[in-house]
Amino acid sequence: MQDYKDRKLTKAEMVGVTAALLMFFGIGMIMGGSAAGNNGVFWGGVGVFSIGSAIALYLLFKYKPKEDDF
């Protein structure tokens with residue numbers, strides 16, 4: 001357990017967390033924009049979500065999971 005305390009996130013892991021946060025905020029903007037009837041917020045949320053999902057797909061194909069990861 002001690003080795004996990006000093007572990008730092010890799011660059012790919014930080015980018016993956018950022019992509020997940022972008023998609024989370026995008027969904028919130030989509031839901032809020034459609035509930036308020038504001039198409040600008042809705043389409044902005046679609047754009048933010050698209051950027052987050054593009055980053056996630058890039059990471060998925062660039063960094064294949066290794067056998068010892070699981």
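Visitor: Is G26 buried or exposed?

Guide: Burial is judged by relative accessible area with a 1.4 Å probe on protein chains only, where under 20% is buried, over 50% is exposed and anything in between is partly exposed. G26 has a relative accessible area of 0%, and therefore counts as buried. This is a predicted model, in which local features need pLDDT of at least 70 and side-chain atom pairs count only at pLDDT 80 or more, while totals for chains, interfaces and linings use all residues. Residues are numbered from 1 along each chain as its sequence is written, and side-chain values use heavy atoms, with hydrogens and water left out.

Visitor: In which helix is G26 found, and which residues does G26 touch?

Guide: Helices are DSSP runs of H or I with at least four residues, strands are runs of E with at least two, and both are numbered from the N terminus. G26 belongs to helix α2. Contact means heavy atoms within 4.5 Å, and, leaving aside residues up to four places away in sequence, G26 touches G45, V48 and F49.

Visitor: How do the axes of α2 and α3 cross?

Guide: Axes are lines fitted to C-alpha atoms, for helices over the stretch in contact, and angles between N-to-C directions run from 0 to 180 degrees. The axes of α2 and α3 come within 7 Å and cross at roughly 155 degrees. That makes the two helices α2 and α3 roughly antiparallel, given that angles under 35 degrees count as roughly parallel, over 145 as roughly antiparallel, 65 to 115 as roughly perpendicular and the rest as oblique.

Visitor: Which residues of α3 are buried?

Guide: In α3, G45, G52 and L59 are buried, and what covers the buried residues of α3 includes α2 (11-36).
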